[in-house]
Amino acid sequence: MRPVHRRRDGGTMARAVGNLLAGAVVLAVLWLAGLIWYAADVPRISPATGPDAGRTTDAIVVLTGGSNRLGTGLELLAAGRARKLFVSGVYDGVEVQELLKLSRHSPTEMECCITLGYSADSTIGNAYETADWMRDQGFRSLRVVTANYHMRRSLLELSMAMPDMELVPHPVVAPTVHLDDWWLWPGTANLLVNEYNKLLVASLRWLVHRAVEG
């Protein structure tokens, strides 16, 4: 009878391995489909002519970490799109005047309306640092300036940190990110895959947050 039991055990093991492989294939297909959707959904053009282009908010936040973000935030502030600008995730020691000079803006023009945040070192940190500042200021609406590929995750984190605030996205098109045929560009492909994986983790946190809050 022992050989029979071994054959049965072997068959059970084979089925278990087959089920695991089938499950892994399904997960891989779902992951790839999500990545393709995510990459296709990244904004390709600036929102300068969109429905929210001329809209004003109480404040603007710039999430540091990419090219053209600060310049875009300063231009929006200068155009009167908000009363104040908050720059989250600034390196210690950097001052408003230094940032303005680097962005080729006169320090005397907008220095009074800009606040720098130094405590954040991640998107989650950006969200909670910004939420604290918004509540201190008594503001209710916020225009979010960050890279186009980073916008979806940023809005998710910000919505968890301050669910009572109105968020207006203002994605900045990153010139070094090649979204057309992105899979042919190793740097862009790596960036999008990493950001997509982080978005999946943030989405899971959001689901847990909703379940707990609900």
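From the N terminus on, the elements of this protein follow the order α-β-α-β-α-α-β-α-β-α-β-α, which amounts to 7 helices and 5 strands. The model described here is a predicted one. Of the 214 residues in the protein, 39% are buried, and the accessible surface comes to about 12400 Å², with 59% of that area belonging to carbon and sulfur atoms. Among the contacts with a separation of 6 or more, residues 24 or more positions apart account for 76%.

**Helix α6 and its surroundings**

Helix α6 spans residues 151–161 and is mostly covered, since 8 of its 11 residues are buried. These buried residues are Met-151, Arg-153, Ser-154, Leu-156, Glu-157, Leu-158, Met-160 and Ala-161. They pack against β1 (57–63), α5, β4 (141–147), β5 (166–172) and α7.

Because an angle under 35 degrees counts as roughly parallel, α6 and α7 are roughly parallel to each other. Their crossing is left-handed. On the side of α6 the contact is made by Arg-152, Arg-153, Leu-156, Glu-157, Ser-159 and Met-160, while α7 contributes Glu-195, Lys-198, Leu-199, Ala-202, Ser-203, Arg-205, Trp-206 and His-209. Sorted by class, this contact of α6 with α7 has 5 nonpolar, 3 polar and 6 charged residues.

**Helix α5 and Trp-133**

Trp-133 lies in helix α5, which runs over residues 123–137, and with a relative accessible area of 8% this residue is buried. Apart from its neighbours within four places in sequence, Trp-133 is in contact with Ala-59, Lys-84, Phe-86, Thr-115 and Phe-139. One of these, Thr-115, is 18 residues from Trp-133 in sequence, and the two are 9.1 Å apart in space, C-alpha to C-alpha.

**Helix α2 and two positive phi angles**

The buried residues of α2 are Arg-69, Leu-70, Thr-72, Gly-73, Leu-74, Leu-76 and Leu-77. Just after α2, the backbone at Gly-80 takes a positive phi of about 80°.

A positive phi, of about 55°, is also found at Asp-181, although Asp-181 is not a glycine. Asp-181 is placed in the loop between β5 and α7, and at 40% relative accessibility this residue counts as partly exposed.

| Residue | Relative accessibility | Class |
|---|---|---|
| Trp-133 | 8% | buried |
| Asp-181 | 40% | partly exposed |

Terms used:
Residues numbered from 1 in each chain as written. Predicted model: local features only at pLDDT ≥ 70, side-chain atom pairs only at ≥ 80, totals over all residues. Heavy atoms only, no water. Helix = DSSP H or I, 4+ residues; strand = E, 2+ residues; numbered from the N terminus. Buried < 20%, exposed > 50% of the residue type's maximum accessible area, 1.4 Å probe, protein only. Contact = heavy atoms within 4.5 Å. Axes fitted to C-alpha atoms, helices over the stretch in contact; angles between N-to-C directions. Parallel < 35°, antiparallel > 145°, perpendicular 65-115°, else oblique. Left-handed = near helix turned anticlockwise from the far one by under 90°. Nonpolar A, V, L, I, M, F, W, Y, C, P; charged D, E, K, R; others polar. Areas by Shrake-Rupley, 256 points an atom, 1.4 Å probe, with all protein chains shown as cover.
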